[in-house]
Amino acid sequence: MKLLKDIFTDKYTVFAFRLLLGVVFVYASLDKIANPQDFARIIYNYKILPSFLINIVAITLPWIELICGLFLIGGIFIESSSLVIFFLLIIFIMGTSINVFIRGIDINCGCFTTSLEAKKLGGELVIREIILLLMSLQVFLFNRNFATLPGFYRKIFYRWLLK
Amino acid sequence: MNQKTSFSNILSKAIIMVCAGSLIGILNNTFSQKGIKLVGTWGNRTISDSVVVPHNYEPEDPEAVTLGQAVKSFESQEAIFVDCRLKEDYHLGHISGAVSLPWEEFEEYYPELTTALSEAKEIIAYCDGDECELSLLLARELADLGYKNVKVFFGGWLEWTEAGLPVEKGS
């Protein structure tokens, strides 16, 4: 049990989860940024937002994802980024669960791509989102600023000072 | 970091990040060629003779029919019903006599149906109902291909089954 805890709170685990989360969010945001109209359609299909909010969310959400993703990869404001991602994932999980388990309808998921052939919504998607949610929580709780860009530059700066 | 950052500090940075992201998004949208309106028009609307159509239904689109009109065409046996949903959904149940032409795999299944479609006096496309728009996309495509008398039954599978009308399973 202690070993498990050590592995889970290890700085390398945090780092791995941080990178993975960052890449997933950056990747997920790019297609949405490129095709706002298609992404708006997907949000509309989820039928959880009032229609006047659909476009504005389609315009802003991908950029929030992109910034958080890049910050996680680069190790900038790690806690804040993982916190935002944590809340986004909670909203995503509620949205997909309402559609999968309550409505039971088959709609375009819109998580990684905006094409119509994209994966259909399913329980699998909810599980994936929950795993990402746990990762963001882990990063938030156990981050020790290992391998970050600011740390890297600070090191270079000190080295330069000591010369 | 020597000191553990306080939660309010983390939270305020998070809020700033969300605001900055939103601002960048709005700015990008304003100057992007692919930009969309900040407030769009979504949802169903009702056109003349109380047919409910999706928001992107245009006046020049194939005629939309109500459940009553669909039933009339069904009883006349001169109309062909085209199911635009996925194959799996079609196998689970469809309007009796309907043919399957999933919009997502149009190219694959369309050639098999050319004779049946050209012999029909009336083509009625339907999908799930409840704001589903595959039927509209398919009807537009068929009309573009030159078929006459293409119609869309937006009520779809949902209205049909709720009314207890004839259905069948399998292929």
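## Ground rules

The model is predicted, so local features need pLDDT of at least 70 and side-chain atom pairs count only at pLDDT 80 or more, while totals for chains, interfaces and linings use all residues. Residues are numbered from 1 along each chain as its sequence is written, and chains are lettered from A and ligands numbered from 1 in the order in which they are written.

## Chain A at a glance

Chain A has seven helices and zero strands, where helices (H or I, at least four residues) and strands (E, at least two) are DSSP runs numbered from the N terminus. Along the sequence the pattern reads α-α-α-α-α-α-α.

Residues 24 or more positions apart supply 71% of the chain A contacts with a separation of 6 or more; a contact here is a pair of residues whose C-beta atoms, placed from the backbone, lie within 7 Å.

## How α3 meets α4 in chain A

Helix α3 (residues 36–46) and helix α4 (residues 51–74) of chain A pack at about 120 degrees, with their axes 9 Å apart. Axes are lines fitted to C-alpha atoms over the stretch in contact, and angles run from 0 to 180 degrees between N-to-C directions. That angle makes α3(A) oblique to α4(A), the class left over once under 35 degrees is roughly parallel, over 145 roughly antiparallel and 65 to 115 roughly perpendicular.

On the α3(A) side, the contact is made by Pro36(A), Phe39(A), Ala40(A), Ile43(A) and Tyr44(A). Their partners on α4(A) include Ile54(A), Val57(A) and Pro62(A). The contact residues divide into ten nonpolar, one polar and no charged (Ala, Val, Leu, Ile, Met, Phe, Trp, Tyr, Cys and Pro are nonpolar; Asp, Glu, Lys and Arg charged; the others, Gly among them, polar).

## Where the chains touch

Here 26 residues of chain A are in contact with 23 residues of chain B. On the chain A side, α3, α4 and α5 (78–103) each supply at least two residues, and α4(A) gives the most, with 13. That side divides into 17 nonpolar, seven polar and two charged residues.

## Inside chain B

Chain B is divided into domain 1 (1–37) and domain 2 (45–168), with bounds from an automatic or database domain assignment. Their C-alpha centres lie 44 Å apart.

In helix α5 (residues 134–144) of chain B, the buried residues include Leu134(B), Leu138(B) and Leu142(B). Among the elements covering the buried residues of α5(B) are β4 (79–83) and α6 (156–162) of chain B. After α5(B) comes Gly146(B), with a positive phi near 105 degrees.

Methods
Contact = placed C-beta atoms within 7 Å. Buried ≥ 20, exposed ≤ 12 C-beta atoms within 10 Å, placed from the backbone.
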